[in-house]
Amino acid sequence: PLLPLQILFINLVLDVFPALALGVGESPPGSMERPPRDPKEPILTRRHWIATALWGLLIGVAATTTFFAALGPLALGQEQAVSIAFLTFALARLWHVFNMRDAGSPLFNNEVVQNRWIWYAIALCLGLLAATWLPGMTTILGLVTLDPIGWVLIVTGSLVPVLVGQLVLSLMPAAASQPAEYPAQ
């Protein structure tokens with residue numbers, strides 16, 4: 001349901017700053033006590049690829065669900081549904097930065113939440129997202145004015161992936177995010 005320029009805007013503008021903020025953040029406590037990963041093991045393991053696919057699926061389902069809810073039961077029209085899907089997708093990807101904490105780490109006291117650069121990046125991205133409502137930008141990105149029910153749908157849909165992610169990360173044991181030990185060479 002997203003337009004090409006909307007996807008480009010998300011990829012080139014909104015995804016960059018949270019990724020940079022994660023890159024300059026502090027390592028989780030105890031990371032130097034973990035055993036190194038096996039040099040024969042790929043950097044992105046099968047578990048990483050599966051997690052990436054599941055995160056993407058969760059965010060995609062959230063945006064698609066809001067799109068079809070706007071079109072179907074809410075009967076908001078195609079232009080509003082596209083705007084809702086775009087904003088849901090953009091915000092869900094922005095909130096997804098909080099799913100990058102170590103499994104088993106505290107919900108509000110972890111390396112992501114304590115990273116001040118994450119908060120700066122989120123503020124900047126929210127400002128850039130608000131700038132899409134400036135005259136001219138709405139035309140370029142194909143956005144229309146939304147009524148309150150559309151905003152409720154956006155907020156709800158964008159928060160579902162981070163809430164599910166936080167639940168899963170809280171239930172996982174801390175050792176799940178650590179590499180397995182390998183035999184000495």
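How many aromatic pairs does a search of the whole structure find? The search finds five. I will go through two of them, including the pair of F9 and F86. Before that, a reminder that this is a predicted model.

F9 and F86 come up now. Their rings are 6.3 Å apart, centre to centre, and the planes make an angle of 55 degrees, a tilted arrangement. What does this pair link? It links distant parts of the chain. F9 belongs to helix α1, residues 4-14, while F86 belongs to helix α4, residues 78-95, and the two are 77 residues apart.

Are these two residues buried or exposed? F9 has a relative accessibility of 11%, so it counts as buried. F86 has a relative accessible area of 0%, so F86 is buried as well. The cut-off for buried is under 20%.

Next, F98 and W119. The ring centres lie 5.3 Å apart and the planes stand at 45 degrees, so this pair is tilted. F98 sits in the loop between α4 and α5, and W119 sits in helix α5, residues 116-131. The pair therefore ties together parts of the chain that are 21 residues apart in sequence.

Buried or partly exposed, for these two? F98 has a relative accessible area of 15%, so F98 is buried. W119 comes to 44%, so W119 is partly exposed.

Now the chain as a whole. What does its secondary structure consist of? It comes to seven helices and zero strands. Along the sequence the pattern reads α-α-α-α-α-α-α. Taken along the principal axes, the C-alpha atoms fill a box of roughly 60 × 30 × 30 Å.

On contacts: take those between residues at least 6 apart in sequence, and 79% of them join residues at least 24 apart. The F9 and F86 pair, at 77 residues apart, is one link between distant parts of the chain.

On burial and surface: the protein chain has 185 residues, and buried residues make up 34% of them. F9 is one of the buried residues. The accessible surface of the chain is about 10,800 Å², and carbon and sulfur atoms account for 71% of that surface.

Last, charge. How many positive and negative side chains does the chain have? There are 8 positive and 10 negative side chains. The centres of the two sets lie 6 Å apart.

Technical notes: Residues are numbered from 1 along each chain as its sequence is written. This is a predicted model: local features need pLDDT of at least 70, side-chain atom pairs count only at pLDDT 80 or more; totals for chains, interfaces and linings use all residues. Side-chain values use heavy atoms; hydrogens and water are left out. Rings of Phe, Tyr and Trp (its six-membered ring) pair if their centres lie within 6.5 Å; planes under 30 degrees apart count as stacked, over 60 as edge-to-face and the rest as tilted. Helices (H or I, at least four residues) and strands (E, at least two) are DSSP runs, numbered from the N terminus. Buried means under 20% relative accessible area, exposed over 50%, partly exposed in between (1.4 Å probe, protein chains only). Contact means heavy atoms within 4.5 Å. Accessible areas come from the Shrake-Rupley method with a 1.4 Å probe; for residues, only the protein chains shown count as cover. Lys and Arg count as positive and Asp and Glu as negative; His and the chain ends are not counted. The place of a charge is taken as NZ of Lys, CZ of Arg, CG of Asp or CD of Glu.
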